[in-house]
Structure formats: C-alpha cells, structure tokens
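Me: I'm new to reading protein models, and I'd like to go through one feature by feature. Could you help me with the one shown here?

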Amino acid sequence: MGEIKLMKGNEAIAEAFIRAGVDGYFGYPITPQSEIIEYLMSEEPHKRTGMVVLQAESEVAAINMVYGAACTGKKTVTTSSSPGVSLMQEGLSYIAGSEVPCVVVNVVRGGPGLGTIQPSQADYFQSTKGGGHGDYHLIVLAPSSVQEMVDFVPWAFDLAYKYRNPVMIQSDGVIGQMMEKVELFEQMPRLTNQEIKDKYDDWALTGRTPGREHNVITSLDLVPERQEKFNHKLEAKYKIIEQTEVKYEKIMCDDADYIFVAYGSSSRICQKSIAIAREQGLKVGLFRPITLYPFPYKEIMEMVPQLKGVLTVEMSLGQMVEDVRLATEFKVPVEHYGRVGGMIPTPEEIVDALKTKIIGG
Amino acid sequence: MAELKLEDIIKEENKVFSKTPLFTDKPLSYCPGCGHGVAHRLVLEVIEEMNITDNVIGVAPVGCSVLSYEFMNIDMAEAAHGRATAMATGIKRVYPEKFVFTYQGDGDLAAIGTGETIHTCNRGENIVIIFINNGIYGMTGGQMAPTTIPAMKTSTSPYGRDTQMMGNPLKMTELVAQLDGTCFVARHAVHTPVLVRKTKKAIRKAFEYQKAKKGTAFVEIVSNCNSGWKLTPLQSIKWLEDNMLPYYNLGTLKEDPLD
C-alpha cells in the first residue's frame, strides 16, 4: 500500500511526475493548473531525484524545451490549460512528426479565446483530431479522479516510449482543482545516462556514440516519396495503437436500455445521474472512454443491439458526440447534453436531458 | 625537367587543405559563394579540436541551415522556426554534461525567435549560439529580414528598406550583450582568411565558456547572401564590406573573465 494523502488533482499529478522518475518539467503558469509548477518548485525535486523544473517565458518556449529535452531520451513533461495548449500545437506537431516521446497535460478551461478560467471539456477536437498541422495523433488519456491523475502518469510515459509519440493527459478544471484521497505509488528511479544510452541510443541525441551513425531528430523531409512513406509509417503506428491501447469503463451497462457516454469530470457527475434515473425505474448505464484517442468505437458499437438511445454528456457544445455517432453508425438515437462557459451540469439536469432528448424525443 | 604528372602532385606532403572530417560526405546545399559553408566548417573544426564529438548536441532550426544535420556528423535536432534556443535549453537542462549549440539565421533568431533568444540569453543558459546574419531571408527567396539594413533591397522591400514604413534593423548582438546572462558576445565575419581565423578563435572561445559554465556565449557572423542579394559572390563580398560592416561593426562586445 502506497502513501495515502488528501490532495488536489494538480498537486497530485505534480507529485506523480517526481515519483515517476521524470527528468525534466518545463512549464508556464496558467489558471487552473498553476498549482502544478508551484508544487514542483516548492518540492525542489532537484534535491529529491535530480529532476529539473524550469519556468519558461511562454508556452511556446515550454513545449520546445520539452521537445529538446525529450530528444535526448529523457522523460519530459509539460502542463498547461487550453489557451496555453493552443500555443503548444506547433511544437506538438513537430514532436509527433519527429516521433519523440513526451507527456503533456491539459487541465482544460472554457474557451474560445481567453474564455473562462472555469472547467470545460471543449478541447476534445483539438486533442483527439490532431490540433496542430499535418496528419498526426496524440494518444489522449482522460482521468476522472485525482487517483487517476496520479496513476495515468507512469502509464502515459509507458505509451509515449512504446510508440515514440506524444501523450496527452486531458484533465479539466474540476479534476485539477478538487481534493480527493489518493494513494501515491513508490518513488521510481530516474534512468541514468548509461541506461538511457542502452535503451534509446538507436534514436536519441545522447552525443554521437563512437561506432554509431549520428542521430538526427527532425520532422523534415523534402523528398515527397520519402515523406509519404514516413506518413504511412505513422499511419501504421496509429493503427496499432487503435487496435491495442483502447481503454474504457462500463458502469451498470449490463441491463441498460440507455447509456450516458461521458469522460473526465462529466463521467463522475453521470454516476450520480445513473442512480437518480434507476430510482425512477430507468435502466441507465455509463460508458466512460478512458482513452479519447484511440476512441472505443468498436466497444460502443458492440453495445448498440441492447440500446434504445445514447446521451453523450460533455462540458462542450458537442464534440465527442460526433465520435459516438460514428461508433453507433446512427443505429440508435445519439444526442448530446452539455453545459459550457465554465458551467457544470447537475446530475438532475442530465437525467432531465435524457428524458427530453432521448426517451421522449 | 621531367613532365609533372598528377600522381606526383597528389601526395600527402603536398596537401595544404582537406575536408574537415566531421563533415559528412553530403554536398552542401548552400549556394556557391555563401558564408554558411565556412561557418559550418569552423564549428566542426572547433568540436573536433576540443575532442567533444561524442559529447556535443547541435540544434539548427528553419532557415538556410535547416539541413545542417545532413552535413554535420554529430547528433543534431532540427527545431521549429525560431525555437532553437528553447530546444537547446531543454537539452542542456536535462543533459548539463553535454556541449550544446544552436546555429541560427537572422530571420530565425532575430524575428520569429526574438523572445526565445532574449530569454535564453537572459537566463544565462550554458550554451553556444552561432548567429548567421546576412540581412535577408535566403531560404524563402530573399525577403526582408529584421537585420536588413536601411535602403537595402529585398523581395519584400523592393525599393529599399524604408525605416519609416518597415521599421528599423535589429542589432541583436548589441542587445544580448546588455543581458546579465551572457558571458561572451562577439561579432565576426568569414569573407577573408584573416576574418575566418578570428571567427574560429571566437567560436572556440564560446565553447570554452560553455565548458567553464559561464553562461550564454553568442557569436554573430556577418555573412553574404549572393543569391538573395542578386550579386556575384565577389560583388557580394564588396557589398558586405561597404554596407553591412559599417552598420554591423565587428569585434568583441562582451567578454567575462574565463577562469
């Protein structure tokens, strides 16, 4: 049993970075996630593990510091919130395009523009469909509790290195700011320079080891035949990710006539909505995508025969609902319910929406 | 006297110059007459002479030198336009035992990457910045750069840079010399053998500052862009001497003690 603490989501994920043996954190303060860099600075992880923490001059600089550090094979992470993550999109495209592993956390707030500092889930399109320019995907994980903010950190790094691909932990202002009981995993050691050379010397910038060719990290290829081949290589990688890395959770789905599809904090609210609906005699379950990319299309499709309708619940005007409609191939009614602008739906509102949009619709 | 044959000439003892070993065998993509090739060679020679080949990581971003990694036989990253010093910061912070340098043009370092450049220098990141200033965007076909001098013609200042309308040239080297984080700031050129030697000395010194962990070492190289300037290589050197150097004075702007 690991150490148990009562922690804010933002503080918990910061502690998880240190314990996961991260080598470098580069970030820029932005609400509602500034506690992450504040926690890291106050913890002085350079004394605990040797981990570097640097406050950059902008999110643009931060993601490029991550890009640089991650090029060396070292475990590197940044965190931000929606407007800051928009600034990072160029860098993420380069990182994906040069197949460099790193982890990025988005504690989502409402937009567009400066929007609001309150929670939102309106960055779904940006996170799962590319975000920056070119054909690429981030692997996107959606925690729904403070515990998962912690547990997803080592998982995110495993995926990042397994596929040499940037991984995003897409949280939101609710999970970042709320306090919950959390069990922390034991300190993992940082890799030594020799261990990094042993593991990643076939691609990482470790200084040209005698006997090997020089390593180059680039996303550029001016020869179209080669660039096309590279794009297909990425495509093949994404196919494998889609086939093997889908994660989801089903709650009370076995006998369900209706399901909510919701992730992150919305899925927490939906759990209460299920209880209310079932008290009223409605057989309702929850399907929670844990990986937003790869999205559980197949697993949602498999539920279609038993369903009379699906309500997606997101703190957006309806983004994930498009993927759920793709998954169900329009064979059952799929509607969206969401609050936006930093407003959070109540469990009762969600049940009412199920009744008006699906059952009575 | 017997006829002199080619094999009599090609002998080790007659050799006065050879390819710098750290160059790959790939032909340079630079226009004949351009200073980039010499600047590349100097950086590679310094790395070789300091015996740090397996301990150096270079970053070259978008610009004419974007393909540097094809010519420099060392571990290298290609950065997004303007972001080289941020990448170099990341590398150096997690790998302080490595020598890290950037190799950037004027559009990259002094326009789109001005913020990164200033903050990297101001933090005193322990890296070397090589800054090629030819007053023009070479790779994209000769547009105005932040360092284009007044009245200079480019494809986006076809009647000459009108400072009233287009703003003033930016003297980045003077600017970063003001910052507490820089330890060595110098401006050199590579269009004569004497200047080449001076530039090499400065690059070596810059790496020595990094070795001594003194902060950011910044070496500007005022270079020609005969293609972009629409001149022959020789004309471009004359133009550089007559126009660029009076505006961008050569010399050492800052030199902290190197103990």
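Me: Which strands of chain A does helix α4 of chain B lie across?

Reply: First, the words: helices (H or I, at least four residues) and strands (E, at least two) are DSSP runs, numbered from the N terminus. Contact means heavy atoms within 4.5 Å. Axes are lines fitted to C-alpha atoms, for helices over the stretch in contact, and angles run from 0 to 180 degrees between N-to-C directions. In this case, helix α4 (residues 84-94) of chain B lies across β2 and β3 of chain A, at about 150° to β2(A). Keep in mind that this is a predicted model, in which local features need pLDDT of at least 70, side-chain atom pairs count only at pLDDT 80 or more, and totals for chains, interfaces and linings use all residues. Residues are numbered from 1 along each chain as its sequence is written, chains are lettered from A and ligands numbered from 1 in the order in which they are written, and side-chain values use heavy atoms, with hydrogens and water left out.

Me: In what order do the seven strands of the open sheet in chain A come?

Reply: Two strands pair if DSSP finds at least two bridges between them. Here the order is β3-β2-β4-β5-β7-β6-β13 (chain A), with mixed pairing. β3 (52-55) and β13 (291-293) of chain A each have a single partner strand, so one side of each lacks a neighbour in the sheet. Direction ignored, neighbouring strands of this sheet are turned by 20° against each other on average. For one pair inside it, take β2 (residues 24-27) and β4 (residues 76-80) of chain A, which are parallel and share two bridges. There, Gly24(A) has Thr76(A) as its bridge partner.

Me: How many residues does each chain give to the contact between A and B?

Reply: Chain A gives 34 residues and chain B gives 37 residues. Another way to look at it is buried area, the accessible area (1.4 Å probe) that two parts lose on being put together, summed over both. For chain A and chain B this is about 2,800 Å², 59% of it on carbon and sulfur atoms. Within chain A, the residues that lose the most area to chain B are Glu57(A), Arg208(A) and His214(A), together 21% of what that side buries.

Me: How many salt bridges are counted between chain A and chain B?

Reply: Side chains of opposite charge can pair when their charged atoms come close. The rule asks for a side-chain nitrogen of Lys or Arg within 4 Å of a carboxyl oxygen of Asp or Glu. Between chain A and chain B the count is three. In one of them, Arg212(A) meets Asp75(B), with the closest N and O atoms 2.8 Å apart. Inside chain A, Lys298(A) and Glu302(A) also form a salt bridge (3.7 Å, N to O). These two are four residues apart in helix α13 (residues 297-303) of chain A, which means about one helical turn separates them.

Me: Which strand of chain B is joined to β9(A)?

Reply: That is β2 (residues 75-79) of chain B, which runs parallel to β9(A) and is joined to it by two bridges. Ile217(A), for instance, has Ala77(B) as its bridge partner.

Me: What is the strand order in the five-strand open sheet of chain A?

Reply: The order is β10-β12-β11-β14-β15 (chain A), again with mixed pairing. Its edge strands, β10 (248-251) and β15 (334-337) of chain A, pair on one side only. Helix α15 (residues 347-359) of chain A lies across β11, β12, β14 and β15 of chain A, at about 140° to β14(A).
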